[in-house]
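Reader: Can you walk me through this one? I'd like the overall picture.

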Amino acid sequence: MTRWLPRTYLTLVYLLLYAPIAVLVVFSFNDSRTGYEWGGLSWRWYESLFNNRAMVEAMWNSLWLALSAATISTLIGALTALALHRYRFRGKKALNGMLFVVMMSPEIVLAISLLALFLLVGLQLGYVSLLLAHVTFCLPFVVITVMARLSGFDERLPEAARDLGASDFTMTRTVLIPVIMPALLAGWLLGFTLSLDDVVVSTFVSGPSYEILPLRIYSMVRVGLKPEVNALGTLLLMFSMVMLIMSQWILTRSKQ
Amino acid sequence: MRSALQQPFKTAVLVLVWGWLLFLVFTPNLLVVGASVMTRDPGSFISLPITLDAYRQLLNPLYLDVFLHSLYMASMTTLVCLVIGYPFAWALSKVPRQRQVLLIFLLIVPFWTNSLVRTYALKLMLATNGLLNNALMSLGLIEEPLKLLYSEGAVIIGLVYLLLPFMILPLYSVFEDLREDLLRASHDLGAGHFATFVHVIVPLTLPGVLAGVMLVLLPAMGLFFVPDILGGSRNLLVGNVIKNQFLDARNWPFGAAASIVLTLTMAFLMFAHRLSKRRIGEEGA
């Protein structure tokens, strides 16, 4: 009894976690309009999705936003992790603490504080405000990923480079960056998915000039069940899963 | 120590990072604190004089009800997550190492996917003529479809579904650190399973429980789209109130005050978590 009980329990919880996702995927290929009974296999919801111009535009907007937010947050996050790892400086604890607070505080708190800032400085809500917000909430995740990689790394390598006369910049470029490359890629992929999936922060800091996918879905699902949402949701879920599997694969492979 | 001029790289990095965090984290939070003690102004959002009206408004029975109801739903969510997650994390820590890696990966996959889409997927299942009701009816367990959607229960189910991994992961990490020899010692000293559980396992896993509570309780008060999709208009979260005040009602001081109450709750939970960890550190040494 002691062997099968925990196993059954684990299996059951996993089934519950994945059942709604499976249902969504299956129903996205459902020909029936009502969305509850099975009406045969069909691509029609995917077709109607791609024939909807506003939808396709929102898709491109979302991809572009995620791409730029992931890139900038990886850049800043990697530099932050390097600084935290290599340098002693005043306020290091405060810096760490601030990143921790960003990661822990409820998204809605971050969202309203950024909205207040953007309105105060008179920034028009749109691509730029979304980008600044997304980079901010992706940042701690990149820092953590890169720090984890740096902590398992031989300290004598950068010392050796320095002894051989390399400047800080040269040493970073030729020794540290190759070492943290897998973490950079993983961090970038995580940032990309975080940005692509965000609803809470985007609700507050986006404007009519730049419509993104999650918000479009949000306005669609509030009214009721729509078969197009099944197709769109399936695409988004699959996309995030592929990104995540890739990032984890890169990290595990680099450890070996 | 070399001077800043000799370390241009270090200086540049620190200026960039500090600049970003001061401008986009520190200042915005100060603004929210500031806004919470100002007076509501329909034109420019906030204006002088400084007042505590927003905090007083939080105690208005109408809003106090919403807050207490939200706190109740969040607490129920946390409790359900704990009841499901505690044995789950325990069982997970007993699985052979290699399979553990895969199982944990499967647990965090949903966390990285779109939570809005997953909430919607849950709606597909819970709807009156949705999958769950159809299945129960064809099994003959119920005669008429249950009205699952647009209820308190639906909101709690939705929140549990989204937040369960946040409860399991910290619990799993404390179960991983649980030393077998302590359990054996407890048995050798004559304690039964129950006594060992109460006096050894529960105190040692308490930091994990508190971390999990922290990671579930707060988001469970903020995820406004869950009631929007599953709960109808009567089961609101604090997050819905904040969103409403900022985006629709334009009462910034009140929205800001509500968000500060959330932040203070977070600070309190973090403090409790630290305290419990330190206590165990001392006893374990």
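Author: Here is a short tour, chain B to begin with and then the domains of chain A. Keep in mind that this is a predicted model.

Reader: OK. How many helices and strands does chain B have?

Author: Chain B has 13 helices and two strands.

Reader: And what is the radius of gyration of chain B?

Author: It is 24 Å for chain B. A compact globule of 285 residues would come out near 19 Å.

Reader: What box do the C-alpha atoms of chain B fill?

Author: Roughly 75 × 70 × 35 Å, along the principal axes.

Reader: What share of the residues of chain B is buried?

Author: Of its 285 residues, 48% count as buried. The accessible surface of chain B is about 14100 Å². Carbon and sulfur atoms hold 68% of that surface.

Reader: New topic, charges. How many positive and negative side chains are in chain B?

Author: There are 19 positive and 15 negative side chains in chain B. The centres of the two sets lie 9 Å apart.

Reader: Now chain A. Which domains does it get?

Author: The domain assignment gives domain 1 (1-41) and domain 2 (52-254) of chain A.

Reader: How many residues are in contact between domain 1 and domain 2 of chain A?

Author: Seven residues of domain 1 are in contact with nine residues of domain 2 in chain A. The centres of these two domains, over C-alpha atoms, are 31 Å apart.

How values were computed: Residues numbered from 1 in each chain as written. Chains lettered and ligands numbered in written order. Predicted model: local features only at pLDDT ≥ 70, side-chain atom pairs only at ≥ 80, totals over all residues. Heavy atoms only, no water. Helix = DSSP H or I, 4+ residues; strand = E, 2+ residues; numbered from the N terminus. Rg over C-alpha atoms; globule rule 2.2 N^0.38 Å. Buried < 20%, exposed > 50% of the residue type's maximum accessible area, 1.4 Å probe, protein only. Areas by Shrake-Rupley, 256 points an atom, 1.4 Å probe, with all protein chains shown as cover. Lys, Arg positive; Asp, Glu negative; His and termini not counted. Charge placed at Lys NZ, Arg CZ, Asp CG, Glu CD. Domains from an automatic or database assignment. Contact = heavy atoms within 4.5 Å.
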